[in-house]
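Here are a few exercises to work through with the model open in your viewer. Try each one yourself before reading its solution.

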Amino acid sequence: MPRHYVVPSLITWLMLLVCQSGCCLLDSITAASNFSLVPNYINTSNLHQDYCERKRKLPNFVGWRLSTEKLTATLPIDNIQENYVREVQNSIFSVVYPTPLKSRVLLVAVSKEVLEDILDLDFSVSETEEFLHLVSGTKILLESLPLAHRYGGHQFGSWAGQLGDGRAHLIGVYTNRFGDRWELQLKGSGRTPYSRNGDGRAVLHSSVREFLGSEAMHFLGIPTSRAASLVVSDDDVWRDRFYNGNIKKERGAIVLRIAKSWFRVGSLEILAFSGELELLRTLLDLVISEHFPSINVNDSNRYLIFFSEVVSETAHLIALWMSVGFAHGVCNTDNFSLLSITIDYGPFGFMDSYDPDFVPNTSDDERRYKIGNQANVGMFNLNKLFQALNPLLDIRQKQLASQILEGYPEQYYKHFTELFKAKLGLLGDSEDDGYLIAFLLKLMEDTKADFTMTFRQLSEISQDQLKELSIPQEFWALQDVAKHKFFANWVAMYLLRLKRNTGDSYSERSRRMIGINPRYVLRNWMAESAVQKAERNDFSEVRLLQQVLQHPFQMQTVAERAGYAQRPPAWAKEIKVSCSS
Ligand code: AMP
Ligand code: MG
């Protein structure tokens with residue numbers, strides 16, 4: 001291949017990829033006021049200490065504490081306590097109880113890992129009535145006040161004003177045996193002051209996707225919220241899924257999801273927009289002291305350092321998304337975590353064929369959140385964060401913050417390159433590494449090769465087979481790339497580059513690559529198939545996927561039999577997902 005011809009166009013293309021790339025509560029919840037999962041007469045603190053010491057997992061909720069005390073003591077709470085839609089001011093949270101689902105509730109799936117490793121609960125707890133009550137929002141732990149968070153955000157590029165938790169309730173913060181604090185949130189648990197025109201509900205379809213998607217991301221090693229459980233009811237929830245007037249009846253579902261913090265860029269933006277600067281400062285100081293231990297809370301540059309960390313971590317997160325072909329779908333500032341974790345799973349997608357123009361959200365007409373534009377949108381969102389912090393920065397700090405932001409593309413590029421080098425098993429540095437990566441991606445784009453399996457099969461194929469360009473049939477994705485007229489050139493360049501891996505061997509490289517190139521990701525068709533069964537109360541496929549995706553790098557007979565590493569079925573292309581969920 002004439003390199004002088006290809007290099008500039010590929011580099012330009014890569015750069016494009018990089019750059020585009022309480023009180024009145026009694027009437028809102030039945031029985032909430034007189035139900036407690038913690039009997040009042042038990043000294044819970046002793047019990048808590050007891051099980052911490054023995055690192056035992058609790059078989060029930062006796063001694064298990066949730067609290068929102070610290071949040072409500074530090075941050076102002078909306079003084080209106082009735083649950084009606086309104087503009088809220090000078091507050092971070094509103095106290096609001098979940099609205100229980102009316103019909104029978106079924107447990108679709110539970111994450112054993114979240115229960116046991118994070119929440120100190122034995123898996124058997126999920127078989128109890130109390131658990132079902134807790135995760136479906138019918139009963140709340142007495143010591144914890146459920147809260148809905150007030151935030152704003154830029155949606156699809158424009159300031160949308162107040163958004164907030166319109167269908168989510170923070171039911172408490174749990175401090176586990178390692179001293180880690182986790183915020184537990186129900187999603188789909190009813191209307192709040194922030195519901196605007198929404199019904200406060202989530203449907204089974206999107207809830208299965210959030211449950212499986214967030215757990216899958218965790219096991220891929222990507223910072224994300226987690227999902228503890230998923231319940232479904234027979235409550236009718238009406239949705240116009242594709243905004244075409246075709247309103248359909250769906251079933252209400254609730255996910256219990258957890259994160260170290262649910263604060264978002266929009267949490268700060270709304271305070272800056274409404275000039276609530278003291279509150280902005282209070283919230284920031286809380287976020288910094290709780291979640292950024294390396295920052296000294298008395299440092300006059302703390303907001304600047306905070307900004308710098310969020311810029312770095314966001315660049316890293318988006319590069320990680322790209323490394324597994326994940327498109328979030330709705331990268332609005334209200335869906336961008338201040339802790340740079342993946343949150344608010346909606347119309348996300350793992351791309352099948354490699355395509356920088358892949359848009360998972362069928363209602364994203366402008367294709368704003370296509371996969372190849374995520375890095376760019378990250379910059380936009382960080383700029384909005386910068387603007388929100390602006391009133392708290394002096395002139396010098398503003399200049400520095402601006403420079404930090406300017407450094408974002410380079411940080412992103414660095415992470416992206418490192419991750420893709422690792423995907424290719426490259427060690428050390430070589431000038432042409434960026435080119436080698438871009439070259440392969442271009443071949444994949446031209447041949448519509450499968451993103452996940454091309455990298456996986458490159459990890460599995462023997463060096464001799466690659467050298468001889470004899471790609472066995474089972475390496476179907478690689479066979480697609482091999483149809484490209486420049487494939488042989490790429491292979492020659494790749495093999496030459498591998499020789500520069502000092503102290504490496506074929507088996508060592510293959511082992512490394514297999515450990516980071518997943519064999520299974522949550523493809524849309526896999527989620528869709530599981531959802532269709534779940535709609536008929538057959539939760540087997542949801543649970544199968546959950547189990548398989550806990551080991552995405554490990555070949556599993558059950559997954560092979562289900563075709564999860566095969567070419568996606570033709571109907572996969574017809575699947576549509578949208579914001580309406
Ligand atoms: P999302 O795009 O899902 O992150 O949601 C954007 C905003 O719309 C957030 O403020 C959500 O709480 C709110 N929202 C989404 N769906 C609903 C719903 N069904 N009922 C109430 N609020 C909703
Ligand atoms: Mg959201």
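A polar contact here is a pair of N or O atoms within 3.5 Å. Keep in mind that this is a predicted model.

**Exercise 1.** Find which atoms of R196, G166 and G200 pair up with ligand 1.

*Solution.* Start with R196: one of its polar side-chain atoms sits 2.7 Å from an oxygen atom of ligand 1. Because the cut-off is 3.5 Å, that pair counts as a polar contact. Next, go to G166, where a polar backbone atom is 2.8 Å from an oxygen atom of the ligand. Finish with G200, which brings a backbone N or O atom to 2.8 Å from a nitrogen atom of ligand 1.

**Exercise 2.** Describe how ligand 1 is surrounded and how much of its area the protein covers.

*Solution.* First, count the shell: 17 residues surround ligand 1, and G164, G166, R196, G200 and N335 are the closest. Then sort the shell by class, which gives 8 charged, 7 polar and 2 nonpolar residues. Last, check the cover: on its own, ligand 1 has 480 Å² of accessible area, and the protein covers 83% of that.

**Exercise 3.** Work out how α10 and α12 cross, and what kind of residues make the contact.

*Solution.* Locate α10 at residues 374-389 and α12 at residues 408-423; their axes come within 10 Å and cross at roughly 140 degrees. The crossing is right-handed. On the α10 side, the contact uses A375, G378, M379 and L382, while α12 supplies Y408, P409 and Y412. Sorted by class, these are 6 nonpolar, 1 polar and no charged residues.

**Exercise 4.** Which residues does I404 touch, leaving out those up to four places away in sequence?

*Solution.* Begin in helix α11 (residues 395-406), where I404 is found. I404 touches L304, F307, S308 and V311. Now take F307: it is 97 residues from I404 in sequence, yet their C-alpha atoms are 8.2 Å apart.

Note on methods
Residues are numbered from 1 along each chain as its sequence is written. Chains are lettered from A and ligands numbered from 1 in the order in which they are written. This is a predicted model: local features need pLDDT of at least 70, side-chain atom pairs count only at pLDDT 80 or more; totals for chains, interfaces and linings use all residues. Side-chain values use heavy atoms; hydrogens and water are left out. Axes are lines fitted to C-alpha atoms, for helices over the stretch in contact, and angles run from 0 to 180 degrees between N-to-C directions. Helices (H or I, at least four residues) and strands (E, at least two) are DSSP runs, numbered from the N terminus. A crossing is left-handed if the near helix is turned anticlockwise from the far one by less than a right angle, and right-handed if clockwise. Contact means heavy atoms within 4.5 Å. Ala, Val, Leu, Ile, Met, Phe, Trp, Tyr, Cys and Pro count as nonpolar, Asp, Glu, Lys and Arg as charged, and the others, Gly among them, as polar. A residue is near a molecule or strand if one of its heavy atoms lies within 4 Å of it. A polar contact is a pair of N or O atoms within 3.5 Å; within protein, one must be able to donate a hydrogen and the other to accept it, and residues adjacent in sequence count only if both atoms are side-chain atoms. Accessible areas come from the Shrake-Rupley method with a 1.4 Å probe; for residues, only the protein chains shown count as cover.
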